[in-house]
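I opened this notebook to keep a record of what I looked up in one structure. The entries follow the order in which I consulted it.

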Amino acid sequence: ICEQLSSAGIANQMLELDAFISWPVKASLTVAGTVLPANGSAFTASADNLAGRVTRSLELTDLNGAFLVIDGLPRYDACISAQKAGALGVIAISHGPQRHYVQASPLWGAPTGPADLALLPSVPAIQVSRDAADLLDQAITTGSQVTMTSEIRTEWRAAQQPVGEIEGREPGYVLLGAHYCTWGDGATDNTAGVALLIELARLLE
């Protein structure tokens, strides 16, 4: 990014900072002997062959010691509700064949202390594709156990933030920004956004 800015004659620098980062490494769900691919949710707990029954019920007696099954994304509120009920974790079923890379944190930016860290879910959460719905419904009906594996890396680490600056003619400033991190291929999230910013900078210069 800095090379592109420099080639356009734009003053830039690379800032370094300590960032609290979480990313899903790998995940799977085994149901009735079938290993289903899954995506873990950042800022949730890891799970190493964690086994238990599954339920869609929000009753405490049903959730305790079971995985909560929900539709859509593994949302923060669902993770915390499951955690408070004593659930093993959350299994979210996508509305389509795709599985999303998401995070389950209420924080914006880095945590400022133990109180912020305590807000993060202490249970694992994954998402499977819609194709897994029938298998999970069967497991709910029969009371069969499923096994979850989810590896999540959450840590403080050094990060870099490229910054470009174009001097204006009047007081004040306009700030344009986009994240450049991604868990997947990142063509639209967020390589396209970064490319747009670089082109805007070139045109404004």
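The entries below go from the sheet to single residues and their contacts.

**Entry 1: Ground rules**

I noted that this is a predicted model, in which local features need pLDDT of at least 70, side-chain atom pairs count only at pLDDT 80 or more, and totals for chains, interfaces and linings use all residues. Residues are numbered from 1 along each chain as its sequence is written, and side-chain values use heavy atoms, with hydrogens and water left out.

**Entry 2: The sheet**

I looked up the order of the strands. Strands and helices here are DSSP runs, numbered from the N terminus (helices are H or I with at least four residues, strands are E with at least two). Two strands pair if DSSP finds at least two bridges between them. Eight strands form an open sheet in the order β2-β1-β8-β4-β5-β6-β7-β3, and the pairing is mixed. Which strands are the edge strands? They are β2 (34-37) and β3 (39-40), each of which pairs on one side only.

I reminded myself that strands of a sheet pair through backbone hydrogen bonds, either parallel or antiparallel.

**Entry 3: Pairs of strands**

I then followed strand β1 (residues 11-31), which runs antiparallel to β2 and is joined to it by four bridges. V31 has T34 in β2 as its bridge partner. How many bridges join β1 to β8? I found 20, and these two strands run antiparallel. D18 stands opposite A158 in β8.

Strand β8 also pairs with β4, in the antiparallel sense, over five bridges. R53 stands opposite Q145 in β8.

**Entry 4: A helix across the sheet**

I looked up helix α3 (residues 76-84) next. Helix α3 lies across β5 (66-71), β6 (89-93) and β7 (125-128), and runs at about 145° to β6. Contact here means heavy atoms within 4.5 Å. The axes are lines fitted to C-alpha atoms, for helices over the stretch in contact, and angles run from 0 to 180 degrees between N-to-C directions.

**Entry 5: S22**

The classes are buried (under 20% relative accessible area), exposed (over 50%) and partly exposed (in between), with a 1.4 Å probe and protein chains only.

I looked for the polar contacts of S22. A polar contact is a pair of N or O atoms within 3.5 Å; within protein, one must be able to donate a hydrogen and the other to accept it, and residues adjacent in sequence count only if both atoms are side-chain atoms. The side chains of S22 and T154 are joined by a polar contact of 2.7 Å. A polar atom of the S22 side chain also lies 3.4 Å from the backbone oxygen of R153.

**Entry 6: Salt bridges**

I found six salt bridges in the structure. A salt bridge is a side-chain nitrogen of Lys or Arg within 4 Å of a carboxyl oxygen of Asp or Glu.

One of them joins the side chains of R56 and D137 (3.7 Å, N to O). This pair links distant parts of the chain, 81 residues apart: R56 is in the loop between β4 (47-55) and α2 (60-63), and D137 is in helix α5 (residues 133-142). R56 is partly exposed at 33% relative accessibility, and D137 is partly exposed at 31%.

Another salt bridge joins the side chains of D71 and R130 (3.1 Å, N to O). D71 lies in strand β5 and R130 in the loop between β7 and α5, so the pair ties together parts 59 residues apart in sequence. D71 is partly exposed, with a relative accessible area of 34%.

R153 forms a salt bridge with E155, with 3.2 Å between the closest N and O atoms. Salt bridges that share partners join R56, D71, R130 and D137 into one network.

**Entry 7: Aromatic pairs**

I found two aromatic pairs. Rings of Phe, Tyr and Trp (its six-membered ring) pair if their centres lie within 6.5 Å; planes under 30 degrees apart count as stacked, over 60 as edge-to-face and the rest as tilted. Why is the pair of F20 and W156 tilted? The ring centres are 5.3 Å apart and the planes stand at 55°, so the pair is tilted. F20 lies in strand β1 and W156 in strand β8 (residues 145-165), so the pair ties together parts 136 residues apart in sequence.

F20 is buried, with a relative accessible area of 16%, whereas W156 is partly exposed at 46%. Ring pairs link F20, F43 and W156 into a cluster.
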